[in-house]
Structure formats: C-alpha cells, structure tokens
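Good morning. I will take a few minutes to go through the spaces in one protein model, and the molecule that sits in it.

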Amino acid sequence: MTVTEPAPNPAPVPPLAARTRSIGGSPVRDILAVTARPEVVNFAGGLPAPELFDTDGIAHAYRAVLAEAPAQALQYSTTEGEPALRTALAARTTARGLTTDPDDILVTTGSQQALSLLATALLEPGDTVLVENPCYLAALQAFGFAGARILPVPSDADGVDPEALEELVAREHPKLLYTVPTFQNPTGRTMPAARRAAVAAVAARHGLWIIEDDPYGELRFEGERLPWIASYPGAEDRAVLLGSFSKVMAPGMRLGWLRAPAELRRACVIAKQAADLHTPTVNQLAAARYLADNDLDAHIARVAAAYRDRRDAMLAALPATLPQGSTWNHPEGGMFLWARLPDAYDTTALLPRVVEHNVAYVPGAPFYAGDPDRSTLRLCFVTPTPDEITEGLGRLAEGLGI
Ligand code: PMP
C-alpha cells in the first residue's frame, strides 16, 4: 500500500484533550437555546435589553471611523489595544478613583477573554483558585480549562467572608482569588467597603493574586459607588481589575479590558498573541469614537433607570410568585436577583416543567464550585419589560404549582 492510498479501515482519530470532557458546556447556554422561542419570558440569560442599546450613536461611531480612518480601522493592530481606547479607559478608571495609565491597560475581546488570558498566565495544572460561592459560571470554566483546583470561599449576603478567606489562604496556598464584588453574577450581591479592604489585606499578608471582575458596577440604581478592591492598600501590585462594555454599551462589540501590574500584563499580552493577535480594530476605534462624541455616563444612567423599574417590577411580583418560605435579595444594581425556595424544591428538576409555561430561569446549582444549594435560582430582571416581568412571574408561579 502506498501513502496516498485511502485506508480500507481508517484508524480512529486520537482522542480530544481530557479537559474537554471534564469541563462541561455552560448549562446557561443550553437553556438559552430553549428560551430563544419568542413566546418565552426569559429570566435566564444575562442579556442586556436590546431596545436600550444606543444603536444610532454606535452606528454613527462605526460610520465615522470607517469613513475617516478606513486604512487603520480595517488593518491589524497592536495586541495591547488601540491607544485612543486605552487612553479613554485609563481616564475613566482614574476618574473613578483608581489612578491608571493607558499602558496599565490591555484591551481584551470581552472580559471573558481576560479570564482565559489570566488563567494561561498565572495557573499551572493543580494550582488552587479560590472563588466566591456561588460563582460566575464561565470563570469556573476558564479556571477549569487551566487545570486549576477550584475551592469555594464561604460567602454570605455580603460576598466572601474575609476570615474564612484568610483561613483557606493559609491552609491551601491558593494562587488567586476570583471575585465579582459589585452586583455579582449570579447573586446580584455587593461586597461592602470594609470587606474589600479586608480582602486586599489578606492578599497582601499571604501573597495572593486578586482578580476583580467588574462588568456590572456602573449599573447602580441606588446607594453609593464603592471603591474597587484594587484601590485598597496592599492590592496595588496584586489586584487585576477587569472591565467590559458589554453591559453598558453592547455585548456584540466584544470589548473588555484588564488593568494589571506590568509583569502579569506582559504575560497576558503574550497569551493574547496566541489567542487572537488583537481585539478587532474597528470595534476598538468605534468605541473610542463613541466615547469622544457621546456621554456614555448619561446613556448608562438611562439604562440603569430602566433596569431599576424592571427590578422593582420583579420585587413587587415575587411575593405572589415563589412558594411560602422562599427568600430573595434586593440588588442595588446590575442585572440579577438570587432567590432560594424552601428545601423541598430542586430548581434544576423543576425547570423543564416551568419552561412548558413559557418562562425560564437559571437553576442555582451549576454556579457552585462545591456542594450546590439545589433550592436556589438566578433571575435576570433586565431583558423583559416590566409588563413582561409581571406576566412571566405569573407563569413561573403556575409552573411552580403556586
Ligand atoms: N464576568 C462576569 C461576572 C460576567 O457576568 C460576564 C458576562 N456574563 C463576563 C465576565 C463576560 O463578559 P464579556 O466577555 O461580555 O465582557
């Protein structure tokens, strides 16, 4: 037989990497496939309300960069990101109390990519990563792909418990803590200032990276903005702050960024070269142009006002929706509310029956790194309108047999 002859009995191809089997797909994405039907009221996906996108402003920004600088906008760019965008991001971060130079920032393809780059840059297989309990799902995936051993930090309504954190850090020698301190996904909860200071202090005492993921912080409906953990003493050389335009501009632009100490940032740049060379130039320039021509903060205030109405519609209807003995929180911003039904309810098992009533939520179980609380669920209150929220919660009550 010659090398060019097709084999009569082809040998099987080698197997996929083991990590593709151990890291499951996102159950939220699987649910999204079901909820794409227009008749379903979708409390499941973390989708910003599309009717609130500033479509005209964004379209104008794209048209302007394509008309005025097409050779730049359509060309390859640097891995670090377009200077115009990094300069604007540094100015916004500095204005919010964290002095930042454009060079401190690496533009990423969504903040999700920042998580992958950090996992590549920081983690050896077997390294320990501490996460909130429950935790943002796709962060669990990113750290899982890097072969990390993921341990949950005992957490309450205010986020991670600093004393429990300190104990775990001393015992387990983790490399990093991943946290979403403001309007967390999935719970909507916010870590108070004193805890932020305590987390920074633990990291400084024991030697720990902190990844502070903040895609929701700008969507505040009430209460005072809190300082980033990165701005507390001790965190300067070990906190990485992630930002994103997904929830305040448009997720389809896939624009995020990370602010990190120099050596780690350089490692992330190399990881990004291998991942995608750079984030699309035209999107970066359009975002920079949008920021120059528009008042993004005024837009965010409009979006936050609409989201507050939707949160309030949900809070008003929940007492008649969930079974006696259920509890839920009152998020001061963001997109999510977290509820717990009485022990007898398993929200994963209940979901198929609920979806038959054309309404969907995300069960809480997949968000837990350790033992899941199966009676919990996440409700996203920003995608449906207030009327749709009332209608959808009525259907949820029916689906739950209330
Ligand atoms: N971090 C958190 C906590 C999120 O909820 C999300 C999106 N759901 C992301 C990161 C990723 O966002 P993006 O890549 O769109 O910036």
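I will start with the ligand, then move to a pocket, and end with the cavities.

Please keep in mind that this is a predicted model.

First, the ligand. It has 14 residues around it, and the closest are Ser111, Asp213, Tyr216, Ser244 and Ser246. By class, that shell holds five nonpolar, six polar and three charged residues. Which helix gives the most to the shell around the ligand? Helix 6, residues 110-122, does, with three residues.

Now some distances. At Ser111 the backbone is involved: one of its N or O atoms lies 2.8 Å from an oxygen atom of the ligand. At Ser246 the side chain is involved, with an N or O atom 2.5 Å from a ligand oxygen. Arg254 places a polar side-chain atom 2.8 Å from an oxygen atom of the ligand. How much of the ligand does the protein bury? Taken alone, the ligand exposes 400 Å², and the protein buries 90% of that.

Next, the second largest pocket. Its space is about 290 Å³. The lining of this pocket has 20 residues, and those nearest the centre are Ala157, Thr187, Arg189, Asn329 and Trp338. Strand 11, residues 327-328, and strand 12, residues 336-340, each supply at least two lining residues. Strand 12 has the largest share, three residues. Where in the protein does the lining come from? Domain 1 (18-46 + 297-400) and domain 2 (69-293) each contribute at least three residues to it. Sorted by class, the lining of this pocket has eight nonpolar, seven polar and five charged residues.

Last, the cavities. Three of them have a volume of 30 Å³ or more. The largest cavity has a volume of about 210 Å³. It is lined by 18 residues, and nearest its centre are Asp214, Glu218, Trp228, Gly243 and Trp257. Helix 5 (83-95) and strand 9 (239-244) each supply at least two residues of that lining, and strand 9 gives the most, four. The classes here are 10 nonpolar, three polar and five charged.

The second largest cavity has a volume of about 60 Å³. Its lining consists of Thr182, Arg196, Asp214, Gly217, Arg220, Arg225, Leu226 and Trp228. In this lining, two residues are nonpolar, two polar and four charged. Asp214 and Trp228 also belong to the lining of the largest cavity.

That is the end of my part.

Methods: Residues are numbered from 1 along each chain as its sequence is written. This is a predicted model: local features need pLDDT of at least 70, side-chain atom pairs count only at pLDDT 80 or more; totals for chains, interfaces and linings use all residues. Side-chain values use heavy atoms; hydrogens and water are left out. A residue is near a molecule or strand if one of its heavy atoms lies within 4 Å of it. A polar contact is a pair of N or O atoms within 3.5 Å; within protein, one must be able to donate a hydrogen and the other to accept it, and residues adjacent in sequence count only if both atoms are side-chain atoms. Accessible areas come from the Shrake-Rupley method with a 1.4 Å probe; for residues, only the protein chains shown count as cover. Ala, Val, Leu, Ile, Met, Phe, Trp, Tyr, Cys and Pro count as nonpolar, Asp, Glu, Lys and Arg as charged, and the others, Gly among them, as polar. On a 1 Å grid over the protein atoms alone, a cavity is a set of points where a 1.4 Å probe fits but cannot get out, and a pocket is an open set with protein on both sides within 12 Å along at least five of seven lines; lining residues have an atom within 4 Å of a point. Grid points are joined across faces, edges and corners, and a volume is the space filled by probe spheres set on the points. Domain bounds come from an automatic or database domain assignment.
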